[in-house]
Amino acid sequence: NDRSGKLSVDLDLRLKELSAQEAKFAEDQKRTQAASAALALERERLDGIAAKQEANKGELRQESARLRDLEESLSKREAKIKDAKALHKDPSKISKHLWELSRRPSKNM
């Protein structure tokens, strides 16, 4: 009888240990699930940031191309102004310039 009482106490202790381990496991599982959910949210947030960065890169490329076009246009205008100033300083060039213009085919044809 003493032996069965000892076994009963040992089994009770073992059951309590297993219950404690089970509770700890359940708590660890909850923490893991919470961490996994937090990680998924962070991943979504980072994906959103990456998408915004890509959109910004596209906008920057478009803006850069627009600026290059404006610089090219400005350069052409500056060259025309320079040519006009040179013609203004030397009237003999004006008649030559007019003659060259008259020799070019019209854009309307």
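These are my notebook entries on a predicted model of one protein chain.

**Ground rules**

I number residues from 1 along each chain as its sequence is written, and side-chain values use heavy atoms, with hydrogens and water left out. Since I am working with a predicted model, local features need pLDDT of at least 70 and side-chain atom pairs count only at pLDDT 80 or more, while totals for chains, interfaces and linings use all residues.

**Overall form**

I looked up the secondary structure and found two helices and zero strands in the protein chain. Both terms rest on DSSP runs numbered from the N terminus, with at least four residues of H or I for a helix and at least two of E for a strand. Helix α1 covers residues 2-89, and helix α2 covers residues 91-103.

Next I checked the dimensions. The C-alpha trace spans about 135 × 30 × 15 Å along its principal axes. The radius of gyration is 42 Å, whereas a compact globule of 109 residues would have one near 13 Å. That radius is taken over C-alpha atoms, and the globule rule is 2.2 Å times the number of residues to the power 0.38.

I also picked one pair inside the chain: Glu-54 and Thr-32 are 22 residues apart in sequence and 32 Å apart in space, C-alpha to C-alpha.

**Surface and burial**

How much of the chain is buried? Buried residues make up 1% of the 109 residues. I use buried for under 20% relative accessible area, exposed for over 50%, and partly exposed for in between (1.4 Å probe, protein chains only).

The accessible surface of the chain comes to about 10,600 Å², and 57% of that belongs to carbon and sulfur atoms. These areas come from the Shrake-Rupley method with a 1.4 Å probe; for residues, only the protein chains shown count as cover.

I then went to a nonpolar patch on the surface, formed by Ile-94, Leu-98 and Leu-101, with about 250 Å² of accessible area together. A patch takes residues with over 30% relative accessible area and no salt bridge, joining like charges within 9 Å and nonpolar side chains (Val, Leu, Ile, Met, Phe, Trp, Tyr) within 5 Å. Leu-98 sits in helix α2, and Leu-98 counts as exposed because its relative accessibility is 52%.

**Charges and salt bridges**

I counted 25 positive and 20 negative side chains, and the centres of the two sets lie 12 Å apart. Lys and Arg are positive, Asp and Glu negative, with His and the chain ends not counted; each charge is placed at NZ of Lys, CZ of Arg, CG of Asp or CD of Glu.

How many salt bridges does the structure hold? There are eight, each being a side-chain nitrogen of Lys or Arg within 4 Å of a carboxyl oxygen of Asp or Glu.

I looked at three of them:

- Lys-24 pairs with Asp-28, with the closest N and O atoms 3.2 Å apart. Both lie in helix α1, four residues apart, about one turn of the helix. Lys-24 is exposed at 52%, while Asp-28 is partly exposed at 25%. Lys-24, Asp-28 and Arg-31 are linked in a network of salt bridges.
- Glu-42 pairs with Arg-45 at 2.7 Å between the closest N and O atoms. Glu-42 and Arg-45 are three residues apart in helix α1, so about one helical turn separates them. Glu-42 is partly exposed at 33%, and so is Arg-45 at 46%.
- Lys-57 pairs with Glu-54, the closest N and O atoms being 3.4 Å apart. Lys-57 and Glu-54 are three residues apart in helix α1, so about one helical turn lies between them. Lys-57 is partly exposed at 43%, and Glu-54 is partly exposed at 46%.
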